[in-house]
Amino acid sequence: MVDETCVKHGRWLRLMGFDTEIFINIEDLKSNTDKRILITRNKKLEKMLKGNIVLLPEMPFWKAMSFIVKKLNLEKFIKPFTRCSRCNREVIKVEKEKVKGKVPYHVYEIQDSFHMCPDCGQIYWGGSHYQNFLRDIKSKIGLDI
Ligand SMILES: [Zn+2]
């Protein structure tokens with residue numbers, strides 16, 4: 001889980017397929033430190049909360065992502081685009097016909113594989129943003145997947 005200091009990192013972790021809750025409330029953080037690992041930049045939290053905490057040093061975003069992945073040994077478990085970046089729910093495969101009219105026409109024309117979040121209805125597909133995502137993971141985070 002992440003707190004408010006690491007929301008962007010949290011969304012990226014979701015896009016990489018990791019079950020990542022974003023908690024802002026201190027009580028929520030407290031009641032979850034035994035079940036989840038907290039990633040935070042808040043030094044005070046490290047003292048206040050007991051349990052699994054990764055304190056993120058001040059560093060640029062991509063360096064920080066690389067730090068998190070290495071620290072928690074996540075590299076082998078990356079499953080890109082299997083989880084909704086908004087809701088943290090695992091996305092499900094949907095028939096092409098079902099997304100007709102819900103995605104841009106040119107996307108519908110050239111893509112055959114679509115996934116949808118069961119909570120918010122966000123639709124995910126392959127194509128250029130997927131390729132960009134993989135490229136960022138490889139070049140900016142420095143992973144070999
Ligand atoms: Zn969603």
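**View 1. Ile 39 and its contacts in a predicted model.** Leaving out residues up to four places away in sequence, Ile 39 touches Val 2, Cys 6, His 9, Val 54, Leu 56 and Ile 68; a contact here means C-beta atoms, placed from the backbone, within 7 Å. Some housekeeping: this is a predicted model, so local features need pLDDT of at least 70 and side-chain atom pairs count only at pLDDT 80 or more, while totals for chains, interfaces and linings use all residues. Residue numbers start from 1 along each chain as its sequence is written.

**View 2. The largest nonpolar core.** This core has 17 residues, and Trp 12, Ile 39, Met 65 and Ile 68 touch the most other members. A nonpolar core is a set of buried Ala, Val, Leu, Ile, Met, Phe, Trp, Tyr and Cys residues joined through C-beta atoms within 7 Å. Buried means 20 or more other C-beta atoms within 10 Å of a residue's own, exposed means 12 or fewer, and partly exposed is in between, with C-beta atoms placed from the backbone. At least two residues of the core come from each of α1, β1 and α4, and α4 gives the most, with 4 residues. Helices (H or I, at least four residues) and strands (E, at least two) are DSSP runs, numbered from the N terminus. Another core lies apart from this one, with 6 residues that include Cys 84, Phe 114, Met 116 and Tyr 124.

**View 3. The buried side of helix α4.** In α4, residues 61–71, the buried residues are Ala 64, Met 65, Ile 68 and Val 69. They sit on the same side of α4 because they cover an arc of only 135 degrees around the axis, the arc being that of the directions from the helix axis to the C-beta atoms. Their packing partners are α1 (7–15), β1 (38–40) and β2 (53–55). After α4 comes Asn 73, with a positive phi near 55 degrees.

**View 4. Asp 119 in its loop.** Look between β4 (114–116) and β5 (123–125) for the loop that holds Asp 119. Asp 119 counts as exposed because it has 12 C-beta neighbours inside 10 Å. Setting aside residues up to four places away in sequence, Asp 119 touches Cys 84, Cys 87 and Arg 89. Asp 119 and Arg 89 are 30 residues apart in sequence, yet their C-alpha atoms are 7.1 Å apart.

**View 5. The two domains.** Domain 1 covers 4–77 and domain 2 covers 92–139, with bounds from an automatic or database domain assignment. Taken over C-alpha atoms, the centres of domain 1 and domain 2 are 27 Å apart.

Terms used:
Two residues are in contact if their C-beta atoms, placed from the backbone, lie within 7 Å.
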